[in-house]
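Dear colleague,

I am handing over the structure we spoke about, and below it I have written out what was found, so that you can follow along as you look.

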Amino acid sequence: MNKKIALTGIKPTGNPHIGNYFGAIKPALELAKEYETRYFIADYHALNQTKDPDILRQQIYEIAAAWLACGLEPEHNLIYKQSAVPQTFELNTILLAFTPKGLMNRAHAYKALLQNNLEANRDPDDGVNMGLFTYPVLMSADILLFDSDVVPVGTDQQQHLEMAADIAEDVNRNYNKELLKIPAPLIRKETGLITGLDGRKMSKSYNNAIPMFLPPKQLRKLLMKIVTNSQTIEESKDPETCNVFALYKLFADEKQQQEMKERYLAGGMGWGHAKQALFELMNEHLTPFRERYDTLMADKGYIDKILAEGSAKARELAEAKLVFLRKEMGVR
Ligand code: ADP
Ligand code: TRP
């Protein structure tokens, strides 16, 4: 029997962080045992934000190295660059013909920008480019192009996945045939929304992210900035409402979690101690990842080769899908 297909993409818009890892990369790599995988660098999505070519080029390497450092095995898992699979953009054009404008008006990311503009008394469309407005369509093309069954992502992508399913259903309804596979999101309850230094959703855009591959000294310095309350050392503390413990839990086994909970409740542990314990545990887990990442980033020729090979395979699969769609739609 054919294996099911798992697909996910990450935008090269800055250093990959702990939220990307637990929300998308780790669940994606776990699926790699059972599923056929298509994991990619969403570089044309990043162009909506990043207009500096040197920065974009560097950030593409960072995401590729992150996938590989986290355990993606290019001989078993397909890894490619979105921009190197031009069939994506042909499917995007097809899907645009089936996407009601009203659907895009309801997209959270676009609505948030609109709201910010209104609050700041700016033109509602200020800073909104059409790439951003139609972002969910391009993302749908990424997914539908490869007949994806499951898409491992964080909670913030739930709406985009619903839109991809809606658009695909409209296409199928029009042709009265399953031309496109309806994808399902895979969102883990425990790790779908990782919080950052300030307790809000960890995100590059909130400046509260913990990059995965920081050198130990900088990692420690950053962790010391985690926002805590003003309880004294002596006081008993509540682990369940604490930003430090939320991060600690991600890396700790059951026993370590239990011991740390007891230290919180007993009192006598200051925030500095809790943060130091978090640093030590995190650093222990992240060190092998960081070492692999640094080695990869020092050999961009290797990354280029992996991406070129993966993208060539992805193009083949994508072209087969487009040959089918063009014929079914009547342009061939
Ligand atoms: P950011 O929000 O920092 O710009 P991306 O949009 O590039 O990150 O996200 C890439 C992947 O990581 C997506 O699947 C997204 O849902 C997931 N992700 C991002 N931030 C988090 C988070 N704080 N918790 C869980 N998953 C996240
Ligand atoms: N929109 C996703 C994000 O902001 C990135 C992305 C682009 C993606 N295309 C995708 C994720 C396809 C899953 C499937 O994080």
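How many helices and strands are there in the protein chain? The protein chain of this predicted model holds 14 helices and 5 strands. Its C-alpha trace spans about 75 × 50 × 40 Å along the principal axes, and its radius of gyration of 22 Å agrees with the value near 20 Å that a compact globule of 332 residues would have. Among contacts between residues at least 6 apart in sequence, 77% join residues at least 24 apart.

Turning to the interior, buried residues make up 49% of the 332 residues. In soluble globular proteins, nonpolar side chains tend to be buried together. Here the largest nonpolar core has 64 residues, of which Ile18, Trp67, Ile210, Tyr264 and Met282 touch the most other members, and helix α13, covering residues 271-297, gives the most to this core, with 12 residues. Another core, of 38 residues, lies apart from it and includes Leu7, Ala141, Val153 and Ala314.

Finally, please look at ligand 1, which is surrounded by 18 residues, the closest being His17, Gly154, Asp156, Ile194 and Met202. A polar side-chain atom of Asp156 lies 2.4 Å from an oxygen atom of ligand 1, while a polar backbone atom of Gly154 is 2.8 Å from an oxygen atom of the ligand. A backbone N or O atom of Gly19 lies 3.2 Å from a nitrogen atom of ligand 1. Taken alone, ligand 1 exposes 530 Å², and the protein buries 95% of that.

With best wishes

Note on methods. Residues numbered from 1 in each chain as written. Chains lettered and ligands numbered in written order. Predicted model: local features only at pLDDT ≥ 70, side-chain atom pairs only at ≥ 80, totals over all residues. Heavy atoms only, no water. Core = buried A, V, L, I, M, F, W, Y, C linked by side-chain atoms within 4.5 Å. Buried < 20%, exposed > 50% of the residue type's maximum accessible area, 1.4 Å probe, protein only. Helix = DSSP H or I, 4+ residues; strand = E, 2+ residues; numbered from the N terminus. Near = heavy atom within 4 Å. Polar contact = N/O pair within 3.5 Å; in protein donor to acceptor, adjacent residues only side chain to side chain. Areas by Shrake-Rupley, 256 points an atom, 1.4 Å probe, with all protein chains shown as cover. Rg over C-alpha atoms; globule rule 2.2 N^0.38 Å. Contact = heavy atoms within 4.5 Å.
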